[in-house]
Amino acid sequence: MSKSKTAGKKNAPSEFFATAKKYWNNPAKGNYVSYKEIVTLGVAGIGVKWTTLLANAIGLSAGNFLIGASIGLKPLDLQIMLIVANIVAIPFSFLRSWYFDNHKLKGGKFLPFLRRTSFPIVAITTFFVWLPFESWSYTVKATVVEIVFIVLQFFLYFYSESFNFLQQITTPNAQERAKVMSISQIIYSLAPTITNFLIPTIAGLTFGLNNIKTYRLIYPIFTFVGLIINTIFFRKIKERLILPKKKLESIRLTDALREVAKNKYFWIINCATWIGFLEGAYFVILNWSFVYANNGAKAAQLGIANTFIGNASLWSMALAPLAIKKLGKRNLLIACNSVNIVLFTILLFTYKNLLMVCILLFLNAFVNTFSNIYLPNINADMKDYHQWKTGVRIDGLFTPLTLIGTVLGFFTGLVVPAIYQKMGLLDNYNVLYDDTLRNNLFRVLIVCSIIGAILNLIPYFFYDLTEEKHRGYINVLKIRTMFEDYGNNELDDKELVEGMKIINSAKELQYAEKVKADKTALKKAKAMPKKTDEEKAVRSKAIKEENAKIRAINEKNEFIESLPIVIDELNKFSTLRYQKQLEKAKETVALGPVCAYQNLKEELKAAKALPKNTKEEKEIRSDAIELARSKKASAKLIKKYSKENIVPIDDSLIEELQNRESHSLVDNIKVKSEYKALLKAQSIYSRVTKPYNNANTLIIQADNYTHLDEIEKLYKEVIEQQNKAVLQNV
């Protein structure tokens, strides 16, 4: 029995490479991303890590070697500088978030920003480290650091957020997304593995991590190599969003914020981060233990320790897809945080032992790296849920509300620097050579990390967006896209086949129950003789056939679990809720796009008075309240701007202004003024006509859903053509 298990383990790598070879250029059935593209994303990630290597080393925190120890700025001053930088960044954050969801740059939603912001990041960071800080006064140093940091963050946030968002939209399949992130991160984890070993080792033998010469001579080499990798590999990656082919309307910032604020999962995810801010207090312990303990005698060994600890990430990244499949993202998160609490508790009693510190931080890195896979997937699931719920795809415009965390950080961020100062660490980091001071500080930081880990865990007990629900939402989005593109005469064969397969499976399995896969036959297949080549071939074929049967049963069970959401979507226009919505929608459309609605106070009062005893009654009441409020907002705008001034804006006028060349400063100011006025007029018209547009969209969707028989006929024709093509090729 043990022999069989060992053989299975030995075969795992060869099976992986065989699968990668088979699906190198084209993805497996039901998937979206080929292995070639996954590897490309991984190599591009190496470019990202190295491009931002020096930028990430420029941080306004007491634990930062470059700004804190090398340049010599005080911990509390650094925190105040960070608060100022974050305040300045707030308007840029709103701009960035809006621009992500509304730009018209060619090449995708996020890829253009990765290509355009990488060079400024490399140029700014290289310029920064070569400034003559040694000859400047404290005030001049602090001022220059602040200015450069603010400018750098403008480009860095565009770049980093684009890469994070890109990984979330390479595929709409949640399990495949975990696999894509896992493999690509294993590849681009080579970047920090290399730098975490080489830089501390070289620095320890030459200038030291607390000497600015290290950042002038060693870091720029990696940033320029990263820039070259970016330029080459980001051209070969695709974005995949489930969206209709019609031209997307612009998303107003305030409208998006209003909708995002209703997303409960957004609040759970972000609240966990906001209240768990202390969890990272332990981060400085490893570096400071090697650089300052034993009078710095073991500083050169920090690179070895980093390499050892960094190696833990490889295993968790490899195991993450399997762990997510077995436990689910939420349960995996809770398990990882619980283990972290235990590790921090052990560290509290063993932090003086360098070997124990390395072992515990190795385990901590192993556990934490799972979050590199499950957290982006949780965020992606949350955005897919939002698209299902509201009908609008938002990515960047989730960011402005996270600024609540930035504001909270103005206060919470002062906690750790205040602890440093209270414990005796001011602007002279040499005090960390004092064992008593350093050990006292470490104990307090570890306790803070324990408290932070516990607080970070609590909100996720309220998170119930399961894998089954997410699969249902994705299937519904595919169905909606199919119907909408059919109504717009833009339906292609691929989305037709995909959408109709979901609908047909839903009809077939509507009353089916899950069946547990019987693995008896698989065990018998594995027990078959394998002495000769012929026996091995027969055994291998039998195992593959049984695995395929089990996989089919599991996929069927997964579909059955997500089926209620799909069935609700297909039947929604026969329910009382949607019948009432359609009734109100027809009344709203009959009044025209620009209507000064009357008796709105009474309508809102009547909506609030509707019964709310059952789930359906609550939904009907909520719909009525939302419609009344939407009409009220529209009427308020009409009263403010007057009906005759509210007219639709031709998109060609905006495009003409976007492309118009300016030959002087006066021309440029004039073009910008006209462009701003057009956008404002377009925004006002969109807000005024929101009740009409929403009602019209619902009526069109209801009409599209009545054409299922026609779509099914078209689907049969496409399948027949595909079958004929297969027979001809045979």
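Helix α9 (residues 190-205) supplies the largest share of a nonpolar surface patch, 5 residues; helices here are DSSP runs of H or I with at least four residues, strands are runs of E with at least two, and both are numbered from the N terminus. The model is predicted, so local features need pLDDT of at least 70 and side-chain atom pairs count only at pLDDT 80 or more, while totals for chains, interfaces and linings use all residues. Residues are numbered from 1 along each chain as its sequence is written, and side-chain values use heavy atoms, with hydrogens and water left out. The protein chain has 31 helices and 0 strands.

**Overall form**

- The radius of gyration of the protein chain is 29 Å, close to the 27 Å that the globule rule gives for 730 residues, so the chain is as compact as a globular protein of that length. This radius is taken over C-alpha atoms, and the rule is 2.2 Å times the number of residues to the power 0.38.
- Along the principal axes, the C-alpha atoms fill a box of roughly 85 × 80 × 55 Å.
- Carbon and sulfur atoms hold 60% of the accessible surface of the protein chain, which comes to about 37,500 Å². Areas come from the Shrake-Rupley method with a 1.4 Å probe, and for residues only the protein chains shown count as cover.
- Of the 730 residues, 47% are buried. Buried means under 20% relative accessible area, exposed means over 50%, and partly exposed lies in between (1.4 Å probe, protein chains only).
- Among contacts with a separation of 6 or more, 80% are between residues 24 or more positions apart; a contact means heavy atoms within 4.5 Å.

- The nonpolar patch covers about 480 Å² and is made by Leu190, Ile194, Phe197, Leu198, Ile202 and Ile304. Patch residues have over 30% relative accessible area and no salt bridge; nonpolar side chains (Val, Leu, Ile, Met, Phe, Trp, Tyr) are joined within 5 Å, and like charges within 9 Å.
- Isoleucine 304 sits in helix α15 (residues 302-327), and its relative accessibility of 53% makes it exposed.
- Alanine 191 also belongs to helix α9, but this residue is buried, at 0% relative accessibility.
- Leaving aside residues up to four places away in sequence, alanine 191 touches Ile46, Lys49 and Trp50.

**Nonpolar core**

- The largest nonpolar core has 157 residues, of which Ile67, Phe128, Phe234 and Trp288 touch the most other members. Such a core is a set of buried Ala, Val, Leu, Ile, Met, Phe, Trp, Tyr and Cys residues joined through side-chain atoms within 4.5 Å.
- Helix α17 (residues 354-390) gives the most to this core, with 14 residues.
- Phenylalanine 128 touches Ile58, Leu66, Ile67, Ile71, Phe133, Val145 and Val148, not counting residues up to four places away in sequence.

**Salt bridges**

- The count comes to 19 salt bridges, each being a side-chain nitrogen of Lys or Arg within 4 Å of a carboxyl oxygen of Asp or Glu.
- Arginine 216 and glutamate 134 form one of them, at 3.1 Å from N to O. Arginine 216 lies in helix α10 (residues 212-217) and glutamate 134 in the loop between α6 (111-129) and α7 (138-168), so the pair ties together parts that are 82 residues apart in sequence.
- Within this pair, arginine 216 is buried at 13% relative accessible area, whereas glutamate 134 is exposed at 56%.
- Aspartate 384 and arginine 177 form another bridge, with the closest N and O atoms 3.7 Å apart. Their pairing links distant parts of the chain, helix α17 and helix α8 (residues 174-188), 207 residues apart.
- Glutamate 468 and arginine 471 meet in a bridge of 3.7 Å, N to O; both lie in helix α21, 3 residues apart, about one turn of the helix.
- Salt bridges that share partners join Arg177, Lys329, Asp381, Asp384 and Glu467 into one network.

**Loop residues with positive phi**

- Asparagine 489 has a phi near 60°, a positive value in a residue other than glycine. Asparagine 489 lies in the loop between α21 (467-487) and α22 (493-509), and is exposed at 74% relative accessibility.
- Serine 642, also not a glycine, has a positive phi near 70°. The loop between α27 (615-641) and α28 (651-659) holds serine 642, which is partly exposed at 22%.
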